[in-house]
Amino acid sequence: MLRIFEQHSDLFESWHLLRYEQEGDAYLLHIVVYFRDSSRLDLRDYVFADGHRKYAYHWMNADGTLRSRWDNAPHWPNVSTAPHHQHLPGQVNPEPSLITNLEDLLSFIAEKFALES
């Protein structure tokens, strides 16, 4: 994981590991990332002992308003990529999403920053 952060270090002001616990193949991870544009990413990723995984990546502006949220909560079964989906500001229903891991997420954010510059 540190390799992924090193590859995208130009995006960050800072990042903080708030919690990491591992027991066998199961783990719990909570990281907060502050980007160079003052936006913030709250990243939570869990892998349970049975291999089941739960994640939520919440990207917000400096004022706390939503930019995007990706997660795999099963409550949107009609999304074509279910359970993976993306919430966007001002939308009630989520969008399909192929972003399901940290590497894809940071690549997506890097592309957004490149387009904004």
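Aspartate 37 counts as partly exposed in this predicted model, because its relative accessibility of 33% falls between the limits of 20% for buried and 50% for exposed. Its side chain meets that of arginine 67 in a salt bridge, with 2.8 Å from N to O. Since arginine 67 belongs to strand E5 (residues 66-71) while aspartate 37 sits in the loop between E2 and E3, the pair ties together parts that are 30 residues apart in sequence.

From this loop we can turn to the strands beside it. Strand E2 (residues 26-35) is mostly covered, with eight of its 10 residues buried. Strand E1 (residues 12-23) runs antiparallel to E2 and is joined to E2 by 10 bridges, and within this pairing tryptophan 15 stands opposite valine 33. Strand E3 (residues 40-47) also runs antiparallel to E2, through eight bridges, and here tyrosine 34 has arginine 40 as its bridge partner. The hairpin of E2 and E3 has four residues between the strands, and serine 38 takes a positive phi near 75° there.

Another is formed by the side chains of arginine 44 and aspartate 42, at 3.8 Å from N to O, where arginine 44 is partly exposed at 33% relative accessibility, whereas aspartate 42 is buried at 15%. Salt bridges that share partners also join Asp37, Arg67 and Glu116 into one network.

Note on methods. Residues numbered from 1 in each chain as written. Predicted model: local features only at pLDDT ≥ 70, side-chain atom pairs only at ≥ 80, totals over all residues. Heavy atoms only, no water. Buried < 20%, exposed > 50% of the residue type's maximum accessible area, 1.4 Å probe, protein only. Helix = DSSP H or I, 4+ residues; strand = E, 2+ residues; numbered from the N terminus. Pairing = 2+ DSSP bridges. Salt bridge = Lys/Arg side-chain N within 4 Å of Asp/Glu carboxyl O.
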